[in-house]
Amino acid sequence: MKVMTLTRLPVVKLSGVSKRYGDVTAVDYLDLEVKRGEIFGLLGPNGSGKSTTLKMILGLVKPDSGSVNVLGINVEDDPVAVKRKIGYVPESPRIYEFLTALEFLDFTGDVYGMSPEEKKKRIEEFVRALDLEGREGDIISSYSEGMKQKVVIISALLHKPELLLLDEPLSGLDPKSARIIKDLLRELASQGVTTIMSTHILEIAQAMCDRIGIMYGGRLLALGTMKELRQKAKMPESGLEDIFLKLTGTSDVKPVVEALMK
Amino acid sequence: MNWKNVLRLVSVDVKASRMIRGTRFRRFRENKAVIYAFYIGACILGLLVGWFVGNFFVGITDLTLKQLILEGATNLFITLPTIALLYGLVFTQMSQIQRIGAKVSVQPLYWFPITWQEHTLASILANMIGVPLIITTFVCSSILTVSFFLDLVPLGVFAVLALLASLFLASMTTEIFKVLQVRIYGAITKAAGRAAVWVRLIGSIISFIVFYVIYFSLYYNVSPLALIESVAGGQKMLWFIPYLWLGVTLSAFATGLWLETGLFLLASIGFAGFLFWAAVKLNVKFGLYEAPSIRVSRGVYVPKAGLLGRLGFSSLEAAILRKDLRAFTRRRELMYIFIFPIIFIIMPLLSAMRGGTDMPSTFSSFLFIYLTLLPGTLMAIILGGLMMGSEGESVWLIYASPVSAKSLVKAKYSFIILFSLLVTSVCSFAAIFLTNPSLKAALIGFVEAVFLAVPLAMISLTCGIKGADFRELPPRPRMIRPIWSLINMIVCAIVGLAILAPLIPYGIQRIFQSSLITTFFLPDYYPYIALLISGAIAVVVTYMAHKIALNSAEELLRKAEQ
C-alpha cells in the first residue's frame with residue numbers, strides 16, 4: 001500500500017517557482033509535476049529558462065520564490081540526498097580533462113558510493129556499449145566533443161539514478177550511440193526511472209517524450225502529450241516543429257530569411 | 001605583410017594577457033590609463049635619471065674623472081644590447097611559462113585570411129610588450145638624455161636602436177623555443193607512451209629548475225658593474241656568436257672602426273632575418289601541431305584497494321583526494337607548485353656557494369630557520385588558496401554530486417596538509433644536512449613548522465573557498481580572486497607571527513649566540529614552554545578556521561552557479 005502511494009507521488013514537483021538574474025526573469029512562477037517513469041521533454045527557444053529549471057531541480061540554483069520537491073524531498077532541505085538520486089548531464093559540460101575516462105568514471109562511482117564490483121561491471125558495460133573501448137585509458141583532453149559527451153552520459157547513468165536530468169544529452173553523439181541512449185532511456189522509463197530532458201531537436205522530443213512542456217520567456221506556454229499539444233495549437237495534423245513555432249510566436253520566419261538574403 | 005592584421009593580432013594577444021577581472025566577469029574590462037601609465041612613467045623616470053646623471057657630469061671640474069666617466073658610459077652603451085638580450089630572453093620566457101596550461105591559447109586563427117608571417121610577427125611583438133618593453137623604455141630614455149650631456153649622441157642613438165633590436169632578437173628566440181617546445185613535447189609524449197605523465201612532470205620540473213638557476217645566477221646578488229664588465233669582456237672574446245654581433249657593432253662604432261661596424265651591422269640584420277625566417281618556417285610546420293594523446297592505462301579497469309579508506313576517508317573523500325593528486329601531477333599550470341620547495345633550497349645554496357665554503361654561524365642559523373619554517377608553510381598557504389579554484393569550470397561536477405561541505409573540506413584540507421608536511425620534512429632534512437644544528441634545535445624547528453602549516457593550511461583553504469575563481473581564462477586559470485589572495489597572505493602573516501611569537505626570543509638567541517648582541521638569558525626549558533604556547537595557539541586557530549571553512553563550503557555548495 002505504501003509502495004502504491006509512493007509511486008503515485010510526483011517525482012518532481014515545482015510549485016510557483018521563480019528565478020531572476022538582475023533584470024532578466026529566467027523562470028516565472030512555474031508549476032510543474034513529473035510522474036515516475038515518465039520521459040518529460042522541456043522545449044523552448046534559447047534563453048527560455050529550460051536550463052535554469054533543470055538546475056533548480058538539482059539544487060544548483062536556488063529559486064527566488066516557490067518550492068522544488070524531488071522524490072518527496074525539498075531540495076533546499078537536503079540537497080545532498082537529492083543529488084544522490086539524480087543523474088545529470090549539463091549543457092556543454094566541462095569535465096576533468098586530465099583524467100582518463102576510466103579514472104573519471106571510477107571517480108564518479110566513488111562519489112556516489114558504488115561498490116568496486118558494481119563499478120567495474122557497469123563501467124565495462126557502458127564503455128563497450130558506447131564504443132569507447134580502446135580509448136578509455138587515454139587522457140580525456142584528447143577526446144572529441146562527442147566522446148566527452150559519451151563519458152558524461154555514462155557518469156550520469158552509472159549509479160542507477162531514479163531521476164535523470166539531461167540538458168541536450170544527444171548533442172555531438174554519433175547515430176549509433178544516440179540510438180543506444182534513446183533505447184536505454186525508454187528501457188529505464190519502463191523500470192520506473194524518470195527522465196527530464198531539455199532539447200532543441202524536436203524530432204527526438206516528439207519520438208521519445210511521453211509529455212512535453214514548451215517554455216518561453218520563463219513561462220510554461222503549453223504542457224501535455226503530443227495529442228494534447230496539437231489540440232491546444234489547433235493543428236491536428238502538424239508535427240512538433242510547427243506547433244512549437246506557432247506557440248512561441250516565432251513561426252513567421254520568411255521575412256527574416258528574405259532580409260538576410262538582401 | 002598586412003601591418004593592420006599584425007597590429008590587430010598584437011592587440012588581441014596583449015588583451016588576452018591583461019584581462020582585468022571583477023566578481024562579475026561577463027564583460028571584458030581594461031583600464032587603458034593604467035596600462036599606458038607604466039610606459040609613460042618609465043619614460044619620465046628615464047628622463048629624470050638621465051638628466052640627474054648628466055647634470056652631475058656637467059658639474060664635475062676634474063678632467064681625469066670626467067674622462068673616466070666618459071669611458072665608463074661608452075662601455076655601458078656597448079654592453080647594453082647584450083644585457084637587453086639577456087633580460088629580454090628571461091622575461092619573454094617567463095611570459096611563455098605563465099601561459100602554460102592556458103585552455104584558451106592564442107592559437108593562430110587558421111581559417112582567417114592571415115599569413116604565417118603576420119601571425120609570427122604579431123606573436124613576437126606581443127611577447128615584447130609588458131615588463132621587457134617597460135624596462136627598455138626606461139633604459140632608452142635615460143641613455144638618450146645622458147648621451148646629450150656627455151656629447152655621445154650618435155653612440156646613444158645607435159645604442160637605443162641596438163637595444164630595441166636586441167629585445168626583438170630575444171623575443172624571436174622565445175618564439176622559436178615555444179614552437180620547438182611544443183614539437184619536442186609532442187614527440188616525447190608519443191615516445192614515452194604510458195610513462196608520458198611522469199616524463200612530463202619530471203621534464204617540467206627540470207626545465208623550471210634550469211631556468212631559475214640561470215635566472216638567479218644572472219640576477220641574484222650580482223653587482224651591476226661586475227655584470228657590465230663581464231659582458232664587455234665576453235663580447236670581445238665571443239665575437240663569433242651571432243647574438244653578440246649587435247654589441248660588437250656598437251663597440252666598433254665607438255672606436256671608429258667603420259668597416260667592422262658596417263660588416264657586423266649587416267651580419268646582425270642578416271641574423272635577425274634568419275631568426276624571423278626560422279620562426280615563420282617552424283610555425284608553418286608545427287604551429288597547428290596537435291600533441292598526441294597520453295595513454296595512461298590499457299583500458300583494463302581495476303578498482304583501487306582502499307588505502308585511503310583505511311585511513312578514515314569515505315569513498316567520496318578518497319575519490320576527491322585521488323583526483324586532486326592526479327590534477328597536480330598532470331595539469332601543467334599546477335605542476336609549478338612542486339618547483340617552490342626546490343627553488344627555496346636552490347636560492348640560499350647559490351648564495352652560500354658565492355660566499356665560499358665557510359658558512360658564518362649567523363647565516364647557518366638563519367638558513368636553518370628559513371629552510372625549516374618557510375617552504376612547508378608557504379606550500380600550505382599557496383596550495384590552500386588554489387585548492388578550491390583548481391576545480392576550474394569542471395566545478396559543476398562537485399556541485400551536482402552528493403558532496404557535503406564536511407567531506408569537501410576534509411578532502412581538500414587533507415591534500416594540502418599532506419603536501420605541506422612532506423615539503424616541511426624534505427626541507428627540514430635539507431636544513432639539517434646543510435647546517436648541522438643540534439638535535440634539540442632540529443626537533444623544535446620541525447615541530448614549530450608543523451604548528452605553522454596546520455592552521456595556515458586551514459586559513460588558506462577558507463580564503464580559497466571564499467575567493468574561488470573557477471574561470472579558465474587566458475593566460476592561465478587564476479583559481480583565487482586577487483582580493484582573497486591578499487587577505488589570505490595578510491591573515492596568514494598575522495597568525496603565523498602570533499604562532500611564532502613565543503619562540504622568537506629563542507630564535508634570536510640561536511642566530512646571535514656567538515655574537516655580542518645577545519645580552520639576555522633564557523632558561524633551558526624556555527623553548528619547550530614556548531612550543532606549548534605555539535601549539536595551543538595553532539590548535540585554537542585551526543579549530544576556528546575549520547568552522548569558518550565549513551560554513552564557507554556550505555555557502556559555496558548552496559549558491560553553486562549563482
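This is a predicted model: local features need pLDDT of at least 70, side-chain atom pairs count only at pLDDT 80 or more; totals for chains, interfaces and linings use all residues.

Which residues in helix 17 of chain B meet which residues in helix 18 of chain B?

Modeller: From helix 17 of chain B, the residues in the contact are B:Val409, B:Lys412, B:Tyr413, B:Ile416, B:Ile417, B:Ser420, B:Leu421, B:Thr424, B:Ser425, B:Ser428 and B:Ile432. They meet B:Ala442, B:Phe446, B:Ala449, B:Val450, B:Ala453, B:Val454, B:Ala457, B:Met458, B:Leu461 and B:Ile465 of helix 18 of chain B. Sorted by class, this contact has 16 nonpolar, 4 polar and 1 charged residues.

Now for the geometry of the pair. Two packed helices are described by the angle between their axes and by the distance between those axes. Helix 17 of chain B spans residues 405–435 and helix 18 of chain B spans residues 439–466. Their axes come within 9 Å and cross at roughly 150 degrees. An angle over 145 degrees counts as roughly antiparallel, and therefore helix 17 of chain B and helix 18 of chain B are described as roughly antiparallel to each other. The crossing of helix 17 of chain B with helix 18 of chain B is right-handed.

Elsewhere in chain B, you can look for B:Ala191, which is in helix 6 of chain B, residues 153–192. B:Ala191 has a relative accessibility of 69%, so it counts as exposed. Between the C-alpha atoms of B:Ala191 and B:Ile494 there are 50 Å, and the two residues are 303 residues apart along the chain.

Helix 9 of chain A, residues 226–233, packs with helix 10 of chain A, residues 240–247, at an angle of about 45 degrees, and their axes are 10 Å apart. That angle makes helix 9 of chain A oblique to helix 10 of chain A. The crossing of these two helices of chain A is left-handed. On the side of helix 9 of chain A, the contact involves A:Met226, A:Leu229, A:Arg230 and A:Ala233. Facing them from helix 10 of chain A are A:Leu240, A:Ile243, A:Lys246 and A:Leu247. By class, the residues of this contact of helix 9 with helix 10 of chain A are 6 nonpolar, no polar and 2 charged.

Helix 9 of chain A also leads us to a sheet. This helix lies across strand 9 and strand 10 of chain A, running at about 120 degrees to strand 10 of chain A. Strand 9 of chain A, residues 211–216, pairs with strand 10 of chain A in the antiparallel sense over 5 bridges. In that pairing, A:Gly213 stands opposite A:Leu223 in strand 10 of chain A.

Let us step back to the whole sheet. In chain A, 6 strands form an open sheet in the order 6-7-8-3-9-10, with mixed pairing. Strand 6 (86–89) and strand 10 (219–224) of chain A are its edge strands, each pairing on one side only. On average, and with direction ignored, neighbouring strands of this sheet are turned by 15 degrees against each other. Helix 6 of chain A lies across strand 6 and strand 7 of chain A and runs at about 170 degrees to strand 6 of chain A.

Strand 8 of chain A pairs with strand 3 of chain A, residues 39–43, in the parallel sense over 4 bridges. Its pairing with strand 7 of chain A, residues 163–167, is also parallel and has 5 bridges.

Finally, chain A has an open sheet of 4 strands in the order 2-1-4-5, with antiparallel pairing. Strand 2 (24–34) and strand 5 (73–74) of chain A each have a single partner strand, so one side of each is left without a neighbour in the sheet.

How values were computed
Residues are numbered from 1 along each chain as its sequence is written. Chains are lettered from A and ligands numbered from 1 in the order in which they are written. Side-chain values use heavy atoms; hydrogens and water are left out. Two strands pair if DSSP finds at least two bridges between them. Axes are lines fitted to C-alpha atoms, for helices over the stretch in contact, and angles run from 0 to 180 degrees between N-to-C directions. Angles under 35 degrees count as roughly parallel, over 145 as roughly antiparallel, 65 to 115 as roughly perpendicular and the rest as oblique. A crossing is left-handed if the near helix is turned anticlockwise from the far one by less than a right angle, and right-handed if clockwise. Contact means heavy atoms within 4.5 Å. Ala, Val, Leu, Ile, Met, Phe, Trp, Tyr, Cys and Pro count as nonpolar, Asp, Glu, Lys and Arg as charged, and the others, Gly among them, as polar. Buried means under 20% relative accessible area, exposed over 50%, partly exposed in between (1.4 Å probe, protein chains only).
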